[in-house]
Amino acid sequence: MKGTLREIFLERIRQALGRSTLQPVEPLEVDHDLVRRPLPVAADASRARSELFTDRAQAVGMKVVTCQRTELATTVVNFLTEAQISSVQISSDPIFDQELIEPMQETSIRVVGNEIDLDTLYDGIECGITMASAAVASTGSVMVSASDQESRLTSLVPPNHLVLVPTSRIVDDLFDLSISPKNPPSCVTLVTGPSKTADIEGVLITGVHGPGMVQIVLFDG
Amino acid sequence: MNRSSTPTSVDGEPILFPRGTHDIRSRAAVFLRDETLQGAVREATTLKDQARRDVLKEAFGEDVDQIRSIAGEIKRHTIDHLDYYIETWIDRAEAAGTRVHLAIDHEEANRIVVEIAREKNAKLCVKSKSMVTEETRLVPQLEAAGIETVETDLGEFIIQIDDDAPSHIVMPMIHKDRKSVARAFVRELGAEYTEEPEQLTRIAREHLREKYRRADVGISGGNFLVAESGSLVLCTNEGNGRFCTSAPPTHIAVVGIEKVVPGFKDLWLLLHLLARSATGQPLTCYSQILTGPRRQEDQDGPTEMHVVLVDAGRTRILADPEFRESLGCIRCGACLNACPVYRKATGHAYGSVYSGPIGAVITPLLQGLDKNPTLPEASSLCGACFEACPVNIDLPRMLVALRRKTRKRRGTLGERIGLWWLRRVFSSVLFYRVAASIQRFALSCLTGGSDRLRAAPGPLSGWTRDRDLILPARRSFRKRWHDRGGASR
């Protein structure tokens, strides 16, 4: 961008504000805690957080199943079998390589990674499986972030999205999310429900462009 | 894309952007006669208005008003220091690899987008919902340049293929029914006729998936800009916004300068209010925080991210302290849903992309009051919009201030005498009592015993044309108070 154009543009704003030079700005102090609503301190905070998250996620139309770390593979395979899903795309999180690919393939589910071409992704894959980078109890949201392991399209293109959420990654509220302002991921998405519309006469339809079904697998870890 | 040859119009003028001086009264008269439209708009707005109240109360209890005022403070603080926060945002965004463009007016904003698309040899653009691009009328410009541009939000898509215009900030096709969608899909997409919303949605989904796959450029708006990180925040429900910002190799966002907030803490607070106020959801299905194009290590995402910051009249509003707070609007549509005038007049009567109370304020400010002299009249000043606004914008105050600007002339002799008398009556207890009993008597003579006046005589008939006048109680409050033994003065 040309320095001059930028100067003209900023100068217009400054003039409108009635100043000729940039004034130092005192950050605004407001009571964010009025909105934040931390959970009451319970004897078992982690459990309370998981329960609230489950409630809220279900309230916005996502499905939640909870399991132990050791049951993770069985839970995922059971879900896919019951939903009659025979092809999945997985993210590159090491947990898949270590624990999930084999049991899925044993049940003759086709498992592909990010190497596939777009046509296959759009037409041939029934479910995208990703790892959540965080989850928010107060809103029931799951956070997925673009990285070297997580693609943007895996959680978007297939009609179903299965997302793994370790209980340790659930935070009370949006305010407790840690996104570094200095170097955030290129794309962070808070998923709060399946894709929806009510554009036609207010009738609620799920699965418009994004996944119509979001299955959360919440596990100890 | 094939368009129906005759564009829909109101009163001989285009639905949006009427050419001459715009008069909401004559335009609203057209929509008041459409009973289907009246029913649809009443139902949708009433439901959303109730949902907003319910979920805000459930989430924040008695603190709702205090939270609204904090949210308003955040927006006002940012706007009072817009020079600082915009500059900070630009620096951080550029550091993250975003290419920032600055547009003083609509033409410049459109030109920048068309140029980027041309540079990429784009044949197809997919676009998600954005109010500012409606304001600049970007899509016709892209199409004129030979670049097919498809709206992908379901409502906006239907509106585009039916050559219609949005009539609500959040529910763009609130004025259309399923039959018109069915007809448009048969005509424009060659689909089989169906009125089932589920089937219609499926048809649009399949059609648009092909577009995402082939698109060269994705265009979006932006709900917020986060100064501390240089991020763009998009709140959507259908997933089309995610497609537009993830699938094509180039992403261009067009955003008004007033969208900036200082930091993530402020963003979280506003996100807690935005979707609750708009649709009654805790958050929209997808809240995306986008900071620069895909990183080297990322697996996908656009290789280029452009943001066009648009002024287009915003600095003019900024310069006027009386109206500056209107720039705090987060476009949730709550004031439209709450407004008794919007519910009857409906969106297209406002002749602008921004309708309802916020439209009645910012359209004259953005386009000039001389072109829209009657818009500030489109309010009963009941205050429902102010009460509904999540960022506490005092819309009634600004509507009155705008009305004052349109009243350059002194009143006629009759008006001045009338007002002089009114002042006398209201400033004397005795006069007031006498006047009130005369009024009660005169009105009961006119109605002949009924409790409401349906048609007033002579010059008063204008008032009762669209409404009934409910008569005051037979006995005055003072009298009843006195009879119940209350203290009297």
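Which residues of α16(B) are buried? They are B:G356, B:P357, B:I358, B:G359, B:A360, B:V361, B:I362, B:T363, B:P364, B:L365 and B:L366. A residue is buried if 20 or more other C-beta atoms lie within 10 Å of its own, exposed if 12 or fewer, and partly exposed in between, with C-beta atoms placed from the backbone.

## Basis of the model

This is a predicted model, in which local features need pLDDT of at least 70 and side-chain atom pairs count only at pLDDT 80 or more, while totals for chains, interfaces and linings use all residues. Residues are numbered from 1 along each chain as its sequence is written, and chains are lettered from A and ligands numbered from 1 in the order in which they are written.

## Helix α16 of chain B

Helix α16 of chain B covers residues 356-367. Helices (H or I, at least four residues) and strands (E, at least two) are DSSP runs, numbered from the N terminus. The twelve residues of α16(B) reach 16 Å from the first C-alpha to the last, close to the 16 Å expected at 1.5 Å a residue; the expected span is 1.5 Å times one less than the number of residues.

Eleven of the twelve residues are buried, so α16(B) is largely enclosed by the rest of the structure. The cover over these buried residues includes α13, α14, α15 (340-345), α17 (384-388) and α18 (395-406) of chain B. After α16(B) comes B:G368, with a positive phi near 110°.

## Chain B as a whole

Chain B contains 22 helices and 14 strands. Its C-alpha trace spans about 80 × 50 × 45 Å along the principal axes.

Of the 489 residues, 49% count as buried. Two residues are in contact if their C-beta atoms, placed from the backbone, lie within 7 Å. Among contacts in chain B with a separation of 6 or more, 71% are between residues 24 or more positions apart.

## The loop at B:G328

B:G328 lies in the loop between α13 (314-318) and α14 (334-338) of chain B. B:G328 counts as buried because it has 21 C-beta neighbours inside 10 Å. Leaving aside residues up to four places away in sequence, B:G328 touches B:G72, B:K75, B:R76, B:I79, B:V391 and B:I393.

## Where chain A meets chain B

In chain A, 59 residues are in contact with 73 residues of chain B. On the chain A side, the elements giving two or more residues are α1 (3-16), α2 (33-36), α6 (118-124), β9 (187-191) and β10 (196-197). The most comes from α1(A), with eight residues.

β9(A) pairs with strand β11 (residues 286-290) of chain B in the antiparallel sense over five bridges; two strands pair if DSSP finds at least two bridges between them. One of the bridges joins A:V191 to B:Y286.

## Helix α5 of chain A

Helix α5 of chain A (residues 94-106) has 13 residues and reaches 19 Å from its first C-alpha to its last, close to the 18 Å expected. α5(A) bends by about 55° at A:L100, with the proline A:P103 following within four residues. The bend is the angle between axes fitted to the seven residues ending at a residue and the seven starting there.

A:F96, A:L100 and A:M104 of α5(A) are buried, and their cover includes α4 (72-82), β2 (87-90) and β3 (110-112) of chain A.
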